[in-house]
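This report is for a reader who is new to the structure shown below.

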Amino acid sequence: MAVSPPSQAKQNKVPSALELPQRLAPSLEQKPESLGEEHSCILRATAAAQTLASIIRPCYGPYGRQKFLVTAKGQTVCTGHAAVILRALKLEHPAAQFVREVAQTQAENTGDGTAFVVLLTEALLDQAQHLLWAGLARTQLREALATATAEVLTALPSLAIRALGPLEDPSWALYSVMNTHALSHTEYLTKLVAHVCWVNREPNGSFKPERIGVCMLQGGTLNDSQILTGLAISGKPCGQKTEVLANARVALFICPFGPTNTFALATPCLSSSEELLRFRKQNEQVENQVTELAAMDINVAVVWGEVNENLVLQADSCGIMVIQAKSRKEMVYLSEMMGTPLLTRLLPPPEQGKCQKVYRQKFGDSVAMMFEWENERSPFFTVLLRGPTIQGLRGAEQAVYHGIDAFSQLCQDPRVLPGAGATEMALAKILVDKGSRLAGPDGLAFLAFAQALRSLPKTLAENAGLAAQRVMAEMSGIHQAGNFLVGVGADGIINVAHEGVWDILRAKAQGLRAAAELVQQLVAVDEIIVAKKTPVYQQITKPTSKAKGSSPLKEKFFGKYI
């Protein structure tokens with residue numbers, strides 16, 4: 001693998017946006033009156049995106065670092081996944097909120113690319129800001145960015161060099177997606193996910209990722225993880241009835257299985273006959289509700305909340321198995337998969353959840369509750385994850401979901417791209433080759449887009465602890481020579497085809513499109529206004545100087561965002 005000499009790498013250097021003003025046409029020369037107030041909005045949007053990107057950037061790539069994240073509820077989470085961090089952040093600036101919304105949409109649609117969208121948006125905004133300072137009009141910049149985006153999306157499929165076959169084991173395509181943040185036992189987990197996805201695939205090639213659940217149980221190691229037929233949740237039976245082996249009828253409650261008064265004492269203090277009568281009436285009402293459940297053929301009650309021991313005894317006598325769940329997330333999943341609503345009162349559901357049997361199963365010292373269907377082809381499967389710490393299990397859970405979503409993308413488009421930053425470098429070269437021959441705004445946008453793309457493999461090199469400038473120079477020289485299979489590895493540049501590092505084409509295309517469209521939208525914004533009414537007396541007693549171009553009537557009813 002030949003490496004270009006330093007002189008060649010210097011010649012192949014992509015021009016930065018700071019060098020672009022000299023390429024402007026005479027009609028686009030820098031105008032002093034166009035600077036200042038008009039560009040304050042893009043300055044603030046870029047600063048907000050840079051602040052958000054500075055949080056996500058160290059977590060990008062398989063060698064990214066992790067963070068201790070303290071949520072608003074005071075919970076401490078150790079994570080390196082951008083989607084988890086973005087959900088927990090309290091953002092005030094509208095531009096930062098827009099970036100998070102687009103990144104979360106990317107995660108929901110493709111399961112991957114959250115950090116990619118954030119970092120690419122920040123890099124494109126930075127380049128757009130330099131072009132605006134150089135005197136490029138906003139409308140021209142938006143049109144030029146749209147042209148560059150179309151060129152990128154057109155060139156992207158030509159970089160796909162491999163595709164998942166209809167009868168091929170998908171492990172090789174899922175490994176690099178699941179190998180995030182140096183997760184241990186990645187190869188074993190990848191085989192589990194590949195197998196459960198393959199088994200769950202329909203004969204016509206369609207795939208429903210929602211039919212695969214994940215259950216986490218502390219204890220053991222990740223090598224003790226396994227695939228279960230049916231749905232499994234972490235929970236425990238509360239009474240003497242611990243299984244229903246035929247015709248299970250399920251109701252889901254997100255309320256206490258007992259008196260609905262959350263402020264009631266566990267041991268009530270009754271000081272009068274009236275209070276005694278009220279207490280007995282309330283207990284009789286709750287007991288009647290359990291009887292109504294039994295009358296409607298409900299024999300399994302899954303509860304996310306406190307469970308009253310006396311009421312459990314009555315449920316046992318009525319033939320109702322009471323399960324106390326540990327997670328609201330699992331309750332929501334059960335509701336969606338079984339087609340029965342989450343109830344806030346102990347009332348019979350309008351639609352019962354139905355399965356063949358419900359029982360508990362022990363895994364080491366932990367217990368999971370199983371919901372099974374006795375069909376030739378089970379409609380649901382569960383990946384049971386075992387591990388010593390809850391933080392490690394959460395990282396493994398995120399990796400499993402990434403693998404499931406990646407397989408879903410491959411079922412729609414089986415093509416894969418070179419990973420480890422190789423695709424971004426190849427696209428940058430294509431844009432530079434074409435942009436250097438174009439005059440006017442289109443050429444500038446092509447070069448700016450190329451510069452933004454090059455920032456992503458540079459971040460991978462920095463997170464891997466490499467000399468980023470040297471790695472980028474080597475990669476640039478090799479890509480200029482026509483080899484676009486070179487990316488960033490742990491020890492330097494690698495051949496991604498030999499190492500098996502791939503990106504999903506469909507996910508990459510959606511991430512590029514999402515980031516570019518968001519930047520085009522933010523470039524068009526010239527003012528940020530907070531819809532907050534200001535009291536009139538403050539305007540009278542404490543007059544403030546009006547900014548250039550501001551309206552007194554507007555500032556009376558809207559506060560300018562600073």
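## Helix packing and local contacts

The crossing of helix 5 and helix 14 is right-handed. The model is a predicted one, and this crossing is described here together with the parts of the chain around it.

Two packed helices are described by the angle between their axes and the distance between the axes. Helix 5 covers residues 114–133 and helix 14 covers residues 441–463; their axes cross at roughly 140 degrees and come within 9 Å. Angles over 145 degrees would count as roughly antiparallel, so helix 5 and helix 14 are oblique to each other.

Which residues of helix 5 take part in the contact with helix 14? They are Phe116, Leu119, Leu120, Ala123, Leu124, Gln127 and Leu131. On the side of helix 14, the residues they meet include Leu444, Phe449, Gln451, Ser455 and Thr459. By type, the residues of this contact divide into twelve nonpolar, four polar and no charged.

The chain as a whole has 562 residues, of which 49% count as buried. Its secondary structure comes to 19 helices and 21 strands. Among contacts in the chain with a separation of 6 or more, 75% are between residues 24 or more positions apart.

Helix 5 also holds glutamine 129, whose side chain is joined to that of threonine 46 by a polar contact of 3.3 Å. Threonine 46 belongs to helix 2, which spans residues 40–56.

Helix 11 is made up of residues 328–338, and its buried residues are Glu330, Met331, Leu334, Ser335, Met337 and Met338. What is found at the start of helix 11? There, a side-chain oxygen of serine 327 comes to within 3.1 Å of the backbone nitrogen of lysine 329. After helix 11 comes glycine 339, which has a positive phi near 70 degrees.

Definitions and conventions: Residues numbered from 1 in each chain as written. Predicted model: local features only at pLDDT ≥ 70, side-chain atom pairs only at ≥ 80, totals over all residues. Heavy atoms only, no water. Buried < 20%, exposed > 50% of the residue type's maximum accessible area, 1.4 Å probe, protein only. Helix = DSSP H or I, 4+ residues; strand = E, 2+ residues; numbered from the N terminus. Polar contact = N/O pair within 3.5 Å; in protein donor to acceptor, adjacent residues only side chain to side chain. Axes fitted to C-alpha atoms, helices over the stretch in contact; angles between N-to-C directions. Parallel < 35°, antiparallel > 145°, perpendicular 65-115°, else oblique. Left-handed = near helix turned anticlockwise from the far one by under 90°. Contact = heavy atoms within 4.5 Å. Nonpolar A, V, L, I, M, F, W, Y, C, P; charged D, E, K, R; others polar.
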